[in-house]
Amino acid sequence: MKYSSKRNKRFPGIFLLLIILSLVIVFYQNRDIESGESNSVENIFSYITIPLQKMINTGENKLSLILSSFQKNKDLAEENNKLKDHVLLLQRENETLKGYREENNRLRDMLNFKAILPIETIAAQVIGREPNSWFQSITIDKGSIDGIKKNMIVIDNNGLIGRVMVVASRSSKVILILDNESAVPAIIRETRSSGILYGIGQKCEMKYIIPDKNIKTGYTVETSGLGRIYPKGIKIGHITNLYRSSDKLFQTAEITPSAQFNSLENVLILKDNKEIPEQEN
């Protein structure tokens with residue numbers, strides 16, 4: 001308590017001393033203005049205050065630099081994010097244009113192929129696949145109102161796709177040659193050896209071939225024209241493997257189809273079953 005009372009008594013004295021010192025400084029400053037010369041009191045005061053002012057100014061300058069640097073970094077980060085967004089946008093646009101270009105090339109190839117066919121065709125688009133039978137059937141956007149009938153043959157510019165199984169008014173279901181229930185009379189172009197083609201998932205097997213040592217992998221398989229459904233001369237694919245059947249009486253050939261079933265988008269439906277001219281490999 002005594003210490004507190006002494007401090008309280010001392011404070012008015014210090015405050016009074018500061019007031020007197022300020023008045024003295026103001027007095028001398030006014031006199032210096034009139035005389036044009038500085039005085040010792042002001043010099044002492046300047047000696048004390050100038051370093052402090054320098055420290056304050058230096059601190060302000062450093063703070064200003066820090067704030068300026070922070071703002072620049074913030075602006076650079078925002079600009080960088082904008083550039084990244086712009087790059088992503090350009091990449092998406094490039095992918096879209098690439099897709100359009102590929103689709104345009106496919107359609108051009110299909111139209112060129114359609115133009116050289118001696119058979120009238122109906123162009124259709126693939127609009128569906130059954131999830132539980134991905135390699136067995138597709139749905140196209142043409143039906144009875146477009147002239148589609150059951151057992152019409154479906155192809156693209158690469159080769160045989162399958163045949164129409166179910167026809168609705170505005171759509172049709174096509175069974176693919178990859179289906180194991182699809183039996184296609186086929187022939188090996190180079191040796192004229194015949195057999196029956198069945199689907200085995202993503203590939204096919206040509207069975208009941210009379211053993212012939214001249215048959216080789218890489219040979220082309222096409223429709224033979226036997227039966228009353230598939231016309232002669234439609235390319236199916238190439239032989240990728242050969243082996244004897246379980247009864248050893250026949251050869252079996254593994255066939256890789258020419259048609260790209262994984263990316264099938266557009267097809268042609270043949271309106272009759274005339275013979276197709278030999279297609280290039």
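Two strands pair if DSSP finds at least two bridges between them. Helices (H or I, at least four residues) and strands (E, at least two) are DSSP runs, numbered from the N terminus.

With those terms in hand, select strand β1 (residues 121-129) and strand β12 (residues 266-270): five bridges join them, and they run antiparallel. Click on A124, and look across to V267, its bridge partner in β12.

A word about what is on your screen: this is a predicted model, in which local features need pLDDT of at least 70, side-chain atom pairs count only at pLDDT 80 or more, and totals for chains, interfaces and linings use all residues. Residues are numbered from 1 along each chain as its sequence is written, and side-chain values use heavy atoms, with hydrogens and water left out.

**Step back to the whole chain**

Colour by secondary structure and you will find two helices and 12 strands. Following the sequence, the pattern is α-α-β-β-β-β-β-β-β-β-β-β-β-β. Of the 281 residues, 31% are buried, where buried means under 20% relative accessible area, exposed means over 50%, and partly exposed lies in between (1.4 Å probe, protein chains only).

**Walk around the barrel**

Which strands close into a barrel? Show β1, β2, β5, β4, β3 and β12: in the order β1-β2-β5-β4-β3-β12 these six close into a barrel, with antiparallel pairing. From one strand to the next, the twist averages 45° (axes are lines fitted to C-alpha atoms, for helices over the stretch in contact, and angles run from 0 to 180 degrees between N-to-C directions).

Now zoom in on β3 (residues 153-155) and β4 (residues 160-167), an antiparallel pair with three bridges. Here V154 stands opposite G162, and four residues lie between the two strands of this hairpin. Carry on to β5, which is joined to β4 by five bridges and runs antiparallel to β4. V164 faces V174 in β5 across this pair, and the β4-β5 hairpin also has four residues between its strands.

**Look inside**

Next, select L160, I161, L197, M206, V267 and I269. Of the 40 residues in the largest nonpolar core, these touch the most other members. Such a core is a set of buried Ala, Val, Leu, Ile, Met, Phe, Trp, Tyr and Cys residues joined through side-chain atoms within 4.5 Å. The strand that gives the most to this core is β12, with four residues.

Stay with L160 and display its surroundings. Leaving aside neighbours within four places in sequence, L160 is in contact (heavy atoms within 4.5 Å) with residues including I153, V184, Y230, I236 and F261.

**Find a loop residue**

Go to L178, in the loop between β5 (172-176) and β6 (184-188). Is L178 buried or exposed? L178 is buried, with a relative accessible area of 1%.

**Last stop: β9, β10 and β11**

Select β9 (residues 220-223) and β10 (residues 235-244), which pair in the antiparallel sense over three bridges. T220 has H238 of β10 as its bridge partner. Finish at K248 in the β10-β11 hairpin, where six residues lie between the strands and K248 takes a positive phi near 65°.
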